[in-house]
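This report describes a structural model of a two-chain assembly. Please consult the sequence and coordinates shown below while reading.

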Amino acid sequence: MTPDAPILLVEDNEDDVFFMKRAMKAAQITNPLFVAVDGQEAVDYFSGMGRFSERSAFPLPGLVFLDLKLPKKRGLDVLEWIRNQREFRRVVVVILTSSQEPNDLRQAYAIGVNSYLVKPARTSELEALMRAVKNYWIEFNVFDPGQA
Amino acid sequence: MPTRKDAERTAAALAEPKIKCFVCANIAELCGEMERGAGAAILTEEAIDADKTDCLGKVLQQEPAWSNFPLIVLAQERRGARRLPASKMLNTTLVEKPVRIATLRSVVAASLRHRRHQYEVHDMLQELTRAREALAESNQELEHKVHERTEKLQETVRELEAFSYSISHDLRSPLRSMEGYAQAVLDDYGDRLDENGRRMLRRIASSAARLDLLVQDVLAYSRVAKGEVRLEKVSVGKIVREVIETYPKLREQARITVEEPMPEVRAHPGYLMQCVSNLLGNGVKFSQPGVEPEIRIWAEDERDGERSRVWFEDNGIGIAPEHFKEIFEIFGRVHSSQHYEGTGIGLAIVRKAVERMGGSTGVNSEIGKGAKFWLSLQKSA
């Protein structure tokens, strides 16, 4: 993934958005970050609806951080929606949630999530997590060249 | 009866042993008395000759299953009885004429006794039917209640699941925020605070982190306590090696030796893994100051040959025997969390998980002499 490919963070908790921004900065992730604050906004972002209608201002993301418990549309429903769209089904989606419930894990992998991360309790751990994301998904992972 | 005088005489003779007698002029009258509840009937041959016996036949046919009305026929010869209506159940006693009064008395008394028994059977049958109906009714009520309770229980389980789901999502989020903001203030404004201010912020952060650990452990406990357990053949050695590989800190902080052979047991891999990692974690955590933690894992057959006992022996601070029970209880801890970090749930999870797998757990130890924890599980064939 190029350093200018956008990252979409789907997160309804302002605090978590704040911490993610700090942790990404600490991990030197420089990709532009866009935020959808509920499940519906995430779908709108992908389909260029509502306040995301301007594609040049809101480019399609190369990586999505998706929370599970979201207002309006559950994270798993958003994931399923993305996987059902021909043009988005290869987008890398990483679940980032506080839930370790076996049910959530099972369903997320069944629908086809690329990775499942649990929000750590400590800032230092979140920074470590973001460094790992940068190394793996942004630097080392080889993407399908046909992907948007 | 043909001659009223004979009938009156018979009635009088029977009145002496207190048998109440009615004299009927014809079969139709007799049928009337039978329907009113007469206990037995005396018929003379002539009465059968003289009158039509259709209505007697009808009355006898209509008798319920429990009833078999006694007829006493006074006849000159055997053929007298042949004129009676055909019925398999006909309960007839033939008394040959001339009739001795003593014979008649005893025959009538026997017939009445017989009839009384029939009524007794009838009453018992009725009681039995009533009891059966009552039983069926209470069974139905019980089934209804069981159904209702099952539904209620399922509802509670669903609520509990929703509750723990919501805890894992909602309760932990503010804790992360507390830790996160305290850390953010430390990072961004730490240089403008004195050491005391920075220390307090660090305390806020570590308290939040500890509470988060507690929430996670409570959730782990409730997962172990409520989930469905499907047992399968599990290699203890494989699980132990997996735990050691998953938590590199264990290897760094302690010398762990696994003594083969390790058994194969009936277990739930996830639960067993949870048990092993909690026990190894404790072995590392409760080490003696200045002594490198050593954990030795080995297994042996239980005396019954059916179970395997897996031992986890450490060289840590040990546990006084009076605390053996307490440490397996939820929040049961011997040391304050200032000295040894932890939530006091780890061993409760171990005990619950082992119990759910049909096994047992315990410890042998002395203060200062290390601890030997064991898990006992059904061997896999």
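**Interface of the two chains**

The model is a predicted one, and totals for interfaces use all residues. The size of an interface is often given as the accessible area lost when the parts come together. For chain A and chain B, about 1,900 Å² is buried between them, and carbon and sulfur atoms account for 43% of that area. Chain A contributes 21 residues to the contact and chain B contributes 23 residues. Between the two chains, 3 salt bridges are found across the interface, and 6 residue pairs are in polar contact. On the side of chain A that touches chain B, helix 1 (14-26) and helix 4 (102-111) each supply at least two residues. Helix 1 of chain A gives the largest share of that side, with 5 residues.

One salt bridge joins Asp16(A) to Arg176(B), with 2.7 Å between the closest N and O atoms.

Helix 2 of chain A spans residues 39-47, and its buried residues are Gly39(A), Glu41(A), Ala42(A), Val43(A), Tyr45(A) and Phe46(A). The cover over these buried residues includes strand 1 (7-10), strand 2 (33-36), strand 3 (63-66) and helix 3 (75-83) of chain A. Just after the helix, Gly48(A) adopts a positive phi of about 65 degrees.

Asp38(A) also forms a salt bridge with Lys72(A), at 3.6 Å from N to O. This pair links distant parts of the chain, 34 residues apart: Lys72(A) is in the loop between strand 3 and helix 3, and Asp38(A) is in the loop between strand 2 and helix 2. Asp38(A) counts as buried because its relative accessibility is 7%, whereas Lys72(A) is exposed at 73%.

**Chain B**

Chain B contains 11 helices and 10 strands. Of its 381 residues, 38% are buried. Among contacts in chain B with a separation of 6 or more, 68% are between residues 24 or more positions apart. The chain exposes about 22,800 Å², with 52% supplied by carbon and sulfur atoms.

Ser308(B), in strand 8 (residues 307-314), is buried, with a relative accessible area of 1%. Beyond its neighbours within four places in sequence, Ser308(B) has contacts that include Pro263(B), Val265(B), Asp301(B), Leu375(B) and Leu377(B).

On the surface, Val121(B), Leu125(B) and Leu128(B) make up a nonpolar patch with about 250 Å² of accessible area together. Leu128(B) belongs to helix 6 (residues 101-189) and is partly exposed, at 47% relative accessible area.

**Salt bridges**

Over all chains, the count is 24 salt bridges. Selected pairs are listed here.

| Pair | N to O distance |
|---|---|
| Lys72(A) and Asp38(A) | 3.6 Å |
| Glu125(A) and Arg122(A) | 4.0 Å |
| Glu259(B) and Arg296(B) | 2.7 Å |

Glu259(B) is partly exposed at 32% relative accessible area, and Arg296(B) is partly exposed at 31%. Elsewhere, salt bridges with shared partners join Glu11(A), Asp16(A), Asp67(A), Lys119(A) and Arg176(B) into one network.

Methods:
Residues are numbered from 1 along each chain as its sequence is written. Chains are lettered from A and ligands numbered from 1 in the order in which they are written. This is a predicted model: local features need pLDDT of at least 70, side-chain atom pairs count only at pLDDT 80 or more; totals for chains, interfaces and linings use all residues. Side-chain values use heavy atoms; hydrogens and water are left out. Buried means under 20% relative accessible area, exposed over 50%, partly exposed in between (1.4 Å probe, protein chains only). Helices (H or I, at least four residues) and strands (E, at least two) are DSSP runs, numbered from the N terminus. Contact means heavy atoms within 4.5 Å. Patches are made of residues with over 30% relative accessible area and no salt bridge: like charges are joined within 9 Å, nonpolar side chains (Val, Leu, Ile, Met, Phe, Trp, Tyr) within 5 Å. Accessible areas come from the Shrake-Rupley method with a 1.4 Å probe; for residues, only the protein chains shown count as cover. A salt bridge is a side-chain nitrogen of Lys or Arg within 4 Å of a carboxyl oxygen of Asp or Glu. Buried area is the accessible area (1.4 Å probe) that two parts lose on being put together, summed over both. A polar contact is a pair of N or O atoms within 3.5 Å; within protein, one must be able to donate a hydrogen and the other to accept it, and residues adjacent in sequence count only if both atoms are side-chain atoms.
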